[in-house]
Amino acid sequence: MARTKTQHVAGRTPAETRAEMVQVVLPNDANPLGNILGGTVMHLIDIAGAIAAHRHARSYVVTASVDNVDFTRPIRVGQVIMLRSEVTRAFHTSMEVEVKVYLEDYVRGERCLTSSAFVTYVAVDSDLTPIPVPPVIVRTAEEKRRYREALGRRKRRLAFAAQSRLRCEEEK
Ligand SMILES: CC(C)(COP(=O)(O)OP(=O)(O)OC[C@H]1O[C@@H](n2cnc3c(N)ncnc32)[C@H](O)[C@@H]1OP(=O)(O)O)[C@@H](O)C(=O)NCCC(=O)NCCS
């Protein structure tokens with residue numbers, strides 16, 4: 001049964017939240033040129049990110065925000081898309097997850113990064129009320145860097161969200 005309350009734990013490491021998704025790009029995922037649709041990549045980013053957030057919070061989560069996503073290389077029908085996600089930092093009820101997207105060339109045995117995004121999820125109970133999440137325990141230099149930088153990213157996205165809310169109010 002799905003949990004609706006976060007467990008009382010000291011915290012979880014990013015590695016404990018890590019998720020990996022791999023799939024072959026099929027014609028239904030692609031535009032007429034045979035490249036995966038940007039919207040399909042964003043859909044997969046949201047799913048891969050949510051899995052990491054679920055692993056951290058052990059609760060329901062909703063997507064609150066997605067930072068900008070760039071598509072630096074096309075991924076073509078028949079190629080493999082791989083996504084890796086992990087929680088970088090938890091705040092009170094929200095978590096920042098980094099999702100990286102790779103094109104995997106299985107003939108050459110090579111992988112290259114094609115997109116990356118920071119996605120914020122909020123842990124909620126079954127009434128959609130935000131609930132607290134455990135902290136993230138960082139150990140490696142890379143984890144500590146991402147943790148530190150997450151605060152600046154949060155400030156920027158909350159300032160942007162406040163402006164969006166104002167616009168919504170004005171257009172009512
Ligand atoms: C996300 C949501 C639950 C926040 O609800 P809220 O009433 O604003 O709740 P709060 O003000 O208490 O904020 C809860 C947390 O969300 C964070 N948050 C809210 N809006 C955010 C945004 N745009 N970006 C990043 N974090 C955001 C807050 O900072 C807070 O985090 P913290 O507890 O770690 O400090 C609510 O806006 C919602 O349900 N949105 C729709 C989610 C959804 O349906 N997503 C799918 C796509 S439509």
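Predicted model: local features only at pLDDT ≥ 70, side-chain atom pairs only at ≥ 80, totals over all residues.
Analyst: Residues are numbered from 1 along each chain as its sequence is written.

User: What pattern does the protein chain follow along the sequence?

Analyst: Helices (H or I, at least four residues) and strands (E, at least two) are DSSP runs, numbered from the N terminus. The protein chain has three helices and five strands, in the order α-β-α-β-β-β-β-α.

User: Which radius of gyration does the protein chain have, and what would a compact globule have?

Analyst: The radius is taken over C-alpha atoms, and the globule rule is 2.2 Å times the number of residues to the power 0.38. For 172 residues the rule gives a value near 16 Å, and the 17 Å of the protein chain agrees with that. The C-alpha trace spans about 45 × 45 × 35 Å along its principal axes.

User: Is M95 buried or exposed?

Analyst: A residue is buried if 20 or more other C-beta atoms lie within 10 Å of its own, exposed if 12 or fewer, and partly exposed in between, with C-beta atoms placed from the backbone. M95 is buried because 27 other C-beta atoms lie within 10 Å. M95 sits in strand β4 (residues 94-105). V122, in strand β5, also counts as buried, with 23 C-beta neighbours inside 10 Å. Of the 172 residues of the protein chain, 28% are buried.

User: Which residues is M95 in contact with, leaving aside neighbours within four places in sequence?

Analyst: Two residues are in contact if their C-beta atoms, placed from the backbone, lie within 7 Å. With that exclusion, M95 is in contact with A53, H56, A57, V87, A90, Y121 and V133. V122, not counting residues up to four places away in sequence, touches V61, V62, A64, T93, S94 and P130.

User: Which residues of the largest nonpolar core touch the most other members?

Analyst: In soluble globular proteins, nonpolar side chains tend to be buried together. A nonpolar core is a set of buried Ala, Val, Leu, Ile, Met, Phe, Trp, Tyr and Cys residues joined through C-beta atoms within 7 Å. Of the 32 residues in the largest one, I45, A53, I81, M95, V97, V99 and Y121 touch the most other members. At least two core residues come from each of α2 (38-57), β3 (80-90), β4 and β5, and α2 gives the most, nine residues.

User: What covers the buried residues of α2?

Analyst: The cover includes α1 (14-17), β1 (19-24), β2, β3, β4 and β5. Among the buried residues of α2 are V41, L44, I45 and A53. Beyond its neighbours within four places in sequence, I45 is in contact with V69, L83, V99, V101, A117 and V119. Just after α2, R58 takes a positive phi of about 55°.
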